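Colleague: Before I use this model, I want to hear how its structural terms were assigned. Could you take me through them?

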Amino acid sequence: MANQYEVLGKAPEVKDLQKLSGSNLHLQIKNLSAGYGKMEILHDFNLLVDKAQSLCLIGPNGAGKSTILHSIYGFTNIFSGQIEIDGKEITNLSPAEKLKSVGIAYILQDNSVFPDMTVEENLLMGGYIKDKTEESYQEAQKVLQKYERLNKRKNQPAKVLSGGERRLLEISRALVMRPSILLVDEPSIGLEPRYIEMVFEILEDLQKNEKKTIIMVEQNAKKGLEFADIGYVLVSGQTAIVGEGNDLLKNPDVGRLFLGG
Ligand SMILES: Nc1ncnc2c1ncn2[C@@H]1O[C@H](COP(=O)(O)OP(=O)(O)OP(=O)(O)O)[C@@H](O)[C@H]1O
Ligand SMILES: [Mg+2]
């Protein structure tokens with residue numbers, strides 16, 4: 001089958017990526033080649049994102065979008081390249097160390113609440129890795145104060161939550177560790193439109209008011225690019241197009257391939 005993405009032309013260079021991030025660089029991926037077992041999925045991949053910036057990865061199924069999040073979090077085999085936070089190399093830290101000491105939280109693509117535990121217990125699970133349970137408890141209470149929808153149901157099993165409330169619980173459970181970076185895989189998947197709005201509003205609040213850095217993958221390219229400051233289009237493990245989210249929405253190639261236009 002002829003590759004419909006071949007027309008996209010020359011890959012952006014690191015200097016193009018630098019123009020999109022600002023002067024307050026938080027996470028940088030440098031020349032990363034990574035994959036599973038011996039199979040290389042990402043080839044010489046670069047990414048730059050500032051503190052309190054949001055970046056959305058779009059691209060066809062199997063392009064390697066989730067693999068980028070997996071690599072940042074420490075779930076892949078890294079063959080070469082580096083990942084840095086605030087200029088400090090973290091490439092080979094374990095996921096637990098990343099969550100605990102550098103503040104990277106990963107919100108999974110699939111439904112991951114514990115259905116028979118209460119909403120509050122689910123939140124406390126978010127802090128399981130913390131040494132001090134008291135701290136997790138305090139953070140969980142803050143989350144409950146912030147999100148009335150969860151607070152109302154804090155003593156009920158998570159299985160009674162609606163799809164949107166469940167997604168809210170998944171996101172807020174990650175907040176219990178007070179991460180500085182949120183990796184979010186497909187926040188809108190399986191949700192009705194009104195819940196999709198809610199999830200993006202929550203993410204916007206976390207970015208704007210709590211200064212979280214957000215790296216997301218979004219199959220709903222329109223929503224993802226409307227939300228994010230920066231968009232990267234990934235094809236076959238390499239970046240094909242980058243731009244400000246709003247500019248990519250107007251890019252004819254992006255429109256034709258990802259926005260159904
Ligand atoms: N755990 C794994 N072990 C082996 N191969 C994997 C694993 N996870 C993903 N892959 C392979 O890596 C490639 C990239 O997958 P990835 O999940 O990163 O794609 P994606 O862009 O997120 O796609 P989608 O839009 O379908 O979620 C695919 O060929 C996939 O089969
Ligand atoms: Mg994926």
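Modeller: Start with pairing: two strands pair if DSSP finds at least two bridges between them. Keep in mind that this is a predicted model.

Colleague: What makes β3 and β8 a pair?

Modeller: Strand β3 (residues 54-58) and strand β8 (residues 213-217) run parallel and are joined by four bridges. The cut-off is at least two bridges, so β3 and β8, with four, count as paired. Within this pair, Cys-56 has Met-216 of β8 as its bridge partner.

Colleague: Which sheet do they belong to, and what is its strand order?

Modeller: An open sheet of six strands, ordered β6-β7-β8-β3-β9-β10, with mixed pairing. At its edges stand β6 (104-107) and β10 (238-244), each pairing on one side only. Neighbouring strands are turned against each other by 15° on average, direction ignored.

Colleague: How do you know that α2 packs on this sheet?

Modeller: Contact requires C-beta atoms, placed from the backbone, within 7 Å. Helix α2 touches β3, β6, β7 (181-185), β8 and β9 (230-235). Its direction makes about 150° with that of β7.

Colleague: What is the order of the strands in the open sheet of four?

Modeller: The order is β2-β1-β4-β5, and the pairing is antiparallel.

Colleague: Why are β2 and β5 placed at the edges?

Modeller: β2 (39-50) and β5 (88-89) each have a single partner strand, so one side of each is left without a neighbour in the sheet. Helix α2 (residues 65-73) packs on this sheet as well, touching β1, β2 and β4. The direction of α2 makes about 75° with that of β2.

Colleague: Which residues surround ligand 1?

Modeller: Tyr-36, Ile-41, Gly-59, Asn-61, Gly-62, Ala-63, Gly-64, Lys-65, Ser-66, Thr-67 and Gln-219. α2 gives the most to this shell, with three residues.

Colleague: What makes the shell around ligand 1 seven polar residues by class?

Modeller: Gly counts among the polar residues. With that rule, the shell has three nonpolar, seven polar and one charged residues.

Methods:
Residues are numbered from 1 along each chain as its sequence is written. Chains are lettered from A and ligands numbered from 1 in the order in which they are written. This is a predicted model: local features need pLDDT of at least 70, side-chain atom pairs count only at pLDDT 80 or more; totals for chains, interfaces and linings use all residues. Helices (H or I, at least four residues) and strands (E, at least two) are DSSP runs, numbered from the N terminus. Two residues are in contact if their C-beta atoms, placed from the backbone, lie within 7 Å. Axes are lines fitted to C-alpha atoms, for helices over the stretch in contact, and angles run from 0 to 180 degrees between N-to-C directions. A residue is near a molecule or strand if its C-beta atom, placed from the backbone, lies within 6 Å of it.
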